[in-house]
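Thanks for coming, everyone. I have one structure to walk you through today. Please take a look at it first.

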Amino acid sequence: MSQPRIPDYPIDAQFIERWSPRALANDPLDDETLLSFFEAARWSPSAYNIQPWRFAYSKHGSDSWEDYLEFLIEFNRSWAQHASALVVIISKTTSVNGEQEVGNPSHSFDTGAAWANLAQQAHLKGWLTHCMGGVHHDKIKAALKLPDNYVVHGMVAIGKPGDKSRLPDFLQDKEIPSGRLQLEKTVIEGLNFSL
């Protein structure tokens, strides 16, 4: 990495080494490797073990690849087209309680945990991931024929490190691991919460 990330407290290196570049190469991604990323997501914690996350994917060069590229806003499509795979992150917003379908207030929270596990597993296997919120939610819901109780959160581009010179100049300058807010900005003890 070009800029060191230094944690304030001791943590495993995997957490500071993983980052979200846009310069990706569409190296072949075999099914066993890709499915291992989803397997890591499968074991994520989830309220009542509901496991509301769902993933849909397309690999570069597949019949659905162009459709998946159309799910992205133009800015994201401009660089994500070079990825090896694109993954849609979805969650089911309801669960069954007894015989009644009820809202699941933790569907987004649990799905975020699953996405984080997917990203860490990919990183541990030498692959890069970049999650994108800039997607056409309605287009994805229609194309995947998602029922009303499913929501699209975003998409992930997966690939090997690519040539950053293929990116626009302003993105080349950003192609370094980013820092994070200090803990005192995001963590409080007791009731002294402030934004």
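This is a predicted model: local features need pLDDT of at least 70, side-chain atom pairs count only at pLDDT 80 or more; totals for chains, interfaces and linings use all residues.

Asparagine 49 has a positive phi of about 55 degrees, and it is not a glycine either. How does asparagine 49 count, buried or exposed? At 53% relative accessibility, asparagine 49 counts as exposed; the cut-off for that word is over 50%.

Now step back to the whole chain. There are eight helices and seven strands. Along the principal axes, the C-alpha atoms fill a box of roughly 55 × 50 × 30 Å.

How much of the chain is buried? Buried residues are 39% of the 195. The accessible surface is about 11,700 Å². Carbon and sulfur atoms own 52% of that surface.

UniProt, in an unreviewed entry, places the feature "domain: Nitroreductase" at residues 17-77. Over residues 17-77 the chain is 38% helix and 15% strand. The end C-alpha atoms of that stretch are 25 Å apart.

Next, the strands. Find β7, residues 150-161. Which way does β1 run against β7? Strand β1, residues 24-25, is antiparallel to β7, and two bridges join them. Leucine 24 has proline 161 in β7 as its bridge partner.

β3 also pairs with β7 in the antiparallel sense, over eight bridges. Here isoleucine 90 is partnered by valine 152 in β7.

Then comes β6, residues 128-132. β6 pairs with β7 over five bridges, again antiparallel. Threonine 129 has isoleucine 158 in β7 as its bridge partner.

Now look at β4 and β5. β4 covers residues 94-97 and β5 covers residues 100-103. They run antiparallel, joined by four bridges. Valine 96 stands opposite glutamate 101 in β5. How many residues lie between the two strands of this hairpin? Two. Glycine 98 is in the turn, with a positive phi of about 70 degrees.

On to the aromatic rings. A pair of rings is described by the distance of the centres and the angle of the planes. This chain has four aromatic pairs. One of them is phenylalanine 38 with phenylalanine 55. Their ring centres are 5.4 Å apart and their planes meet at 40 degrees, so the pair is tilted.

Which side of the buried cut-off does phenylalanine 38 fall on? Its relative accessibility is 13%, so phenylalanine 38 counts as buried. Phenylalanine 55, at 22%, counts as partly exposed. The buried cut-off is under 20%. Phe38, Phe55 and Tyr57 form one aromatic cluster.

Last stop: glutamine 81. Glutamine 81 is in the loop between α4, residues 74-80, and β3, residues 85-92. At 34% relative accessibility, glutamine 81 counts as partly exposed. What does glutamine 81 contact, leaving aside its neighbours within four places in sequence? His60, Trp65 and Leu69. Glutamine 81 and serine 58 are 23 residues apart along the chain, and 12 Å separates their C-alpha atoms.

That is the tour. Over to you.

Note on methods:
Residues are numbered from 1 along each chain as its sequence is written. Side-chain values use heavy atoms; hydrogens and water are left out. Two strands pair if DSSP finds at least two bridges between them. UniProt positions are given in the numbering used here, feature names are shortened, and annotations may be inferred rather than shown by experiment. Buried means under 20% relative accessible area, exposed over 50%, partly exposed in between (1.4 Å probe, protein chains only). Accessible areas come from the Shrake-Rupley method with a 1.4 Å probe; for residues, only the protein chains shown count as cover. Rings of Phe, Tyr and Trp (its six-membered ring) pair if their centres lie within 6.5 Å; planes under 30 degrees apart count as stacked, over 60 as edge-to-face and the rest as tilted. Contact means heavy atoms within 4.5 Å.
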